[in-house]
Amino acid sequence: MADKSRPSFVEPLYKKNDFTEFLAILEKKTTLQREYLLAGFLTITLLSLLVGYGTQFITTLVAIVYPCYQTISLIGKDRKGEQDVQWSMYWVIYAVFSLLECCSEAICKFFPFFYLTKVALLCWCMAPIEANGGNVIYKTIFKKKD
């Protein structure tokens, strides 16, 4: 599906993986190109997080939509241990952030870019790459060394 007219930085949006399949579904339903969908979503998200308007809603939306889609898609499939670990660790990290946010409003006020940091870390944890946050945290903290 390589298109010579696309810039090179857009090519990863068309490589076959779980995230691009999700983008393809959105592209089909909205009839907008995935580059524009992603750019619009990122722009609105970053502006919202920097300005502080709707930060909790935007953060929750970013943190739940794609991971829920991926978690649900794992149900009933042949299990791949890596994906199970990735999404299990993702939900643990999400729970820790939510607990911090819920228990200590002071952290959110004291740390001005708490929500931006939370979204950045959670995006790293859900990235469809080998060195995503869930896998890295699992391998460095939880996996027993033999």
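Arg34 and Glu27 are both buried, where buried means under 20% relative accessible area, exposed means over 50%, and partly exposed falls in between (1.4 Å probe, protein chains only). Their side chains meet in a salt bridge, 2.9 Å from N to O. By salt bridge we mean a side-chain nitrogen of Lys or Arg within 4 Å of a carboxyl oxygen of Asp or Glu. Side chains of opposite charge can pair when their charged atoms come close.

A word on the model: it is predicted, so local features need pLDDT of at least 70 and side-chain atom pairs count only at pLDDT 80 or more, while totals for chains, interfaces and linings use all residues. Residues are numbered from 1 along each chain as its sequence is written, and side-chain values use heavy atoms, with hydrogens and water left out.

Searching the whole structure turns up 2 salt bridges. Here they are together:

| Salt bridge | N to O distance |
|---|---|
| Arg34 and Glu27 | 2.9 Å |
| Lys16 and Glu21 | 3.1 Å |

In the Lys16 pair, Lys16 is exposed at 73% relative accessibility, and Glu21 is partly exposed at 33%.

Now the overall fold. The chain has 7 helices and 0 strands, and reading along the sequence gives α-α-α-α-α-α-α. Helices (H or I, at least four residues) and strands (E, at least two) are DSSP runs, numbered from the N terminus. Of the 146 residues, 32% count as buried. The accessible surface is about 9,900 Å², and 69% of that belongs to carbon and sulfur atoms; accessible areas come from the Shrake-Rupley method with a 1.4 Å probe, and for residues only the protein chains shown count as cover. Take the contacts between residues at least 6 apart in sequence: 50% of them join residues at least 24 apart, contact meaning heavy atoms within 4.5 Å.

Setting aside neighbours within four places in sequence, Leu38 is in contact with Leu13 and Phe19.

Next up is α6, which covers residues 114–126. It has 13 residues and reaches 18 Å from first C-alpha to last, close to the 18 Å expected at 1.5 Å a residue; that expected span is 1.5 Å times one less than the number of residues. Its buried residues are Phe114, Tyr115, Lys118, Val119, Leu122, Cys125 and Met126. Seen down the helix axis, these fall within an arc of 130°, so they line one face of α6. The arc is that of the directions from the helix axis to the C-beta atoms.

What does Thr59 touch, not counting residues up to four places away in sequence? Leu49, Tyr115, Lys118 and Val119. Thr59 lies in helix α3 and is buried, at 0% relative accessibility.

Phe57 is also found in α3, but it is exposed, with a relative accessible area of 58%. Phe57 belongs to a nonpolar surface patch with Phe41, Leu42, Leu61 and Val65, with about 450 Å² of accessible area together. Patches are made of residues with over 30% relative accessible area and no salt bridge; like charges are joined within 9 Å, nonpolar side chains (Val, Leu, Ile, Met, Phe, Trp, Tyr) within 5 Å. Helices α2 (34–51) and α3 (55–74) each supply at least two of the patch residues, and α3 gives the most, with 3.
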